[in-house]
Amino acid sequence: QVQLVESGGGLVQPGGSLRLSCAASGSIFSINDMGWYRQAPGKQRELVADITSGDSTNYADSVKGRFTISRDYAKNTVYLQMNSLKPEDTAVYYCNAVIITRATMHLGPYWGQGTQVTVSS
């Protein structure tokens, strides 16, 4: 089994910063892409940023220049540094990873449980 555990969400004032972390554990053979998605109330889940196993990154236009995604391969962890936060960034943030498990040697997507980020004064 594979688990993704997120941490780092919370309440922050506009203009503030938060750093999200997501650690993958379990029977992992290898991890391909990792990324962060978010879902605000009444809206569809959307991609925030992702990073390939070659460290290529991709960002939603709404977060470019404010958010930075990175990963620690030794720790199977992906991070999202969020600066200059705005009220419209309020959402549940979900970690995603494309993983090959040792049990099946098949590639599949895995999701974390989500962490709430609230930007409000």
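Reader: Which residue does the disulfide join to Cys22?

Author: Happy to start there, keeping in mind that this is a predicted model. A pair of cysteine sulfur atoms counts as a disulfide within 2.5 Å, and here the S to S distance is 2.1 Å. The partner joined to Cys22 is Cys95.

Reader: Is Cys95 buried or exposed?

Author: Buried means under 20% relative accessible area. Cys22 has 0% relative accessibility and counts as buried. Cys95 also comes out at 0% relative accessibility, so Cys95 is buried.

Reader: Which residue stands opposite Cys95?

Author: Cys95 sits in β9, and β9 pairs with β4 in the antiparallel sense over nine bridges. β4 also pairs with β5, again antiparallel, over five bridges. The β5 residue Ala49 stands opposite Trp36, and the residue opposite Cys95 is likewise Trp36.

Reader: Which element gives the largest share of the largest nonpolar core?

Author: That core has 31 residues, and Trp36, Leu80, Met82 and Tyr93 touch the most other members. Elements giving two or more residues to this core include β3, β4 and β9. The largest share is five residues, and the element that supplies them is β9.

Reader: Which residue takes a positive phi in the hairpin of β4 and β5?

Author: Six residues lie between these two strands. In this hairpin a phi near 80° belongs to Gly42.

Technical notes
Residues numbered from 1 in each chain as written. Predicted model: local features only at pLDDT ≥ 70, side-chain atom pairs only at ≥ 80, totals over all residues. Heavy atoms only, no water. Core = buried A, V, L, I, M, F, W, Y, C linked by side-chain atoms within 4.5 Å. Buried < 20%, exposed > 50% of the residue type's maximum accessible area, 1.4 Å probe, protein only. Helix = DSSP H or I, 4+ residues; strand = E, 2+ residues; numbered from the N terminus. Pairing = 2+ DSSP bridges.
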